[in-house]
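Let's learn to read a few features of a protein model together. Have a look at it first, and then we'll talk.

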Amino acid sequence: MTRSPNVHIRYILFIRGTGKFVREFVNTTSKDATFYLVRRVKEGDQPISDPLAVAKVVSPLPHYLRLTAAGLVVGMLFAQGWSGIRRRNLHRRELGTLLSQSPPSTAAVLYAHWQSRGDYRYFLEAIQFYRKGFWGRPRPLDWFRTTFILYSGRVVPASQIKETFEYLVSEEVQRESVP
């Protein structure tokens with residue numbers, strides 16, 4: 001059995017009605033307390049001197065998972081925004097180059113240049129012009145052959161170039177004759 005000492009409390013009180021501060025002093029009375037000491041610990045345990053020193057062991061994993069999830073969401077949003085900005089800039093750049101360029105050469109003009117100079121680049125430009133199609137639609141009929149010509153790295157023989165140019169010129173004439 002133990003007896004608690006007298007407790008003195010001092011505080012300052014603000015009274016709104018009068019607008020004054022009042023200093024108060026309170027004395028509490030002593031009370032008795034009963035403690036029972038019973039051994040309920042394992043052998044070799046030490047008493048806890050400070051209750052605040054006992055800390056709960058918390059795993060940092062949920063915190064790191066939340067940070068990782070937030071980082072992924074922010075990264076994804078940043079990537080989507082960057083992709084949109086990049087797409088818009090590329091579209092503007094393509095539109096600017098299309099407006100600034102002269103109209104593309106026709107197959108007949110490119111054929112005439114190839115016949116006069118024999119430069120393979122005119123043939124490649126004619127193939128690219130053909131692949132773009134007309135009215136914004138690509139031409140799928142000769143897609144494999146033109147892909148081979150453009151991307152294989154091999155130079156096509158002159159007879160095949162002449163045959164292909166004649167086909168391209170005939171296609172162009174047919175396209176222009178259709179209203």
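**Reading the core, the rings and the charges**

A: Let's start in the core: the largest nonpolar core has 16 residues, and F123, I161 and F165 touch the most other members. A nonpolar core is a set of buried Ala, Val, Leu, Ile, Met, Phe, Trp, Tyr and Cys residues joined through side-chain atoms within 4.5 Å. Buried means under 20% relative accessible area, exposed over 50%, and partly exposed in between (1.4 Å probe, protein chains only).

Q: Which helices each supply at least two residues of this core?
A: They are α2, α3, α4 (143-151) and α5. The largest share, six residues, comes from α3. Helices here are DSSP runs (H or I, at least four residues), numbered from the N terminus.

Q: What does I161 touch, leaving out residues up to four places away in sequence?
A: I161 touches W114, Y120, F123 and V156 on that count. Contact means heavy atoms within 4.5 Å.

Q: Before we go on, what kind of model is this?
A: This is a predicted model, where local features need pLDDT of at least 70, side-chain atom pairs count only at pLDDT 80 or more, and totals for chains, interfaces and linings use all residues. Residues are numbered from 1 along each chain as its sequence is written, and side-chain values use heavy atoms, with hydrogens and water left out.

Q: How many aromatic pairs are there?
A: A pair of aromatic rings is described by the distance of the centres and the angle of the planes. Rings of Phe, Tyr and Trp (its six-membered ring) pair if their centres lie within 6.5 Å; planes under 30 degrees apart count as stacked, over 60 as edge-to-face and the rest as tilted. This structure holds six such pairs. One of them is W114 with F165, tilted, at 5.8 Å centre to centre and 40 degrees between the planes. W114 sits in α2 (residues 107-117) and F165 in α5 (residues 158-177), 51 residues apart, so the pair links distant parts of the chain.

Q: Are W114 and F165 buried or exposed?
A: W114 is buried at 13% relative accessible area, and F165 is buried at 0%.

Q: Which residues do ring pairs link into a cluster?
A: Y111, W114, Y120, F123 and F165.

Q: Where is the salt bridge?
A: Side chains of opposite charge can pair when their charged atoms come close. A salt bridge is a side-chain nitrogen of Lys or Arg within 4 Å of a carboxyl oxygen of Asp or Glu. The search finds one, and it joins D119 and R121 (2.9 Å, N to O). D119 is partly exposed at 23%, while R121 is exposed at 61%.
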